[in-house]
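This report describes the surface and overall form of one protein chain.

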Amino acid sequence: MPSHGSLTKAGKVRSQTPRIPPKPRRNLFPRRRNSRNYRRLLYRLGQGQQVS
């Protein structure tokens, strides 16, 4: 099965692209955020507050 282009040039563009440092993350990753929200929900239910 023929390939589109030679395999010797594979990854050429990516290796030539300048490296940009990642931006710092502002938000928590979802598992931690959901865990925190769930604990807040349980706390509010224990306090007898209305949770909508």
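## Surface patches and overall form

On the surface, a nonpolar patch is formed by Y38, L41, L42 and L45, which together have about 380 Å² of accessible area. The model is a predicted one. L41 is partly exposed because its relative accessibility is 32%, and partly exposed covers the range between under 20% (buried) and over 50% (exposed).

There is also a positive surface patch, made up of R32, R33, R36, R39, R40 and R44. Of these, R36 is placed in helix α2, which covers residues 30-47. R36 has a relative accessible area of 36%, so R36 counts as partly exposed.

Another part of the chain is represented by H4, found in the segment before α1, a helix of residues 12-16. The relative accessible area of H4 is 85%, and H4 is therefore exposed. H4 and P30 are 26 residues apart along the chain, and their C-alpha atoms are separated by 39 Å.

| Residue | Relative accessible area | Class |
|---|---|---|
| R36 | 36% | partly exposed |
| L41 | 32% | partly exposed |
| H4 | 85% | exposed |

For the protein as a whole, the secondary structure consists of 2 helices and 0 strands. The radius of gyration is 24 Å, whereas the globule rule gives 10 Å for 52 residues; the value for the protein is well over that, so the protein is more spread out than a compact globule. Taken along the principal axes, the box filled by the C-alpha atoms is roughly 70 × 30 × 15 Å.

Buried residues account for 0% of the 52 residues. The protein exposes about 6,000 Å², of which 54% is supplied by carbon and sulfur atoms.

Technical notes: Residues numbered from 1 in each chain as written. Predicted model: local features only at pLDDT ≥ 70, side-chain atom pairs only at ≥ 80, totals over all residues. Heavy atoms only, no water. Patch = residues over 30% accessible without salt bridge, like charges linked within 9 Å, V, L, I, M, F, W, Y side chains within 5 Å. Areas by Shrake-Rupley, 256 points an atom, 1.4 Å probe, with all protein chains shown as cover. Salt bridge = Lys/Arg side-chain N within 4 Å of Asp/Glu carboxyl O. Lys, Arg positive; Asp, Glu negative; His and termini not counted. Charge placed at Lys NZ, Arg CZ, Asp CG, Glu CD. Helix = DSSP H or I, 4+ residues; strand = E, 2+ residues; numbered from the N terminus. Buried < 20%, exposed > 50% of the residue type's maximum accessible area, 1.4 Å probe, protein only. Rg over C-alpha atoms; globule rule 2.2 N^0.38 Å.
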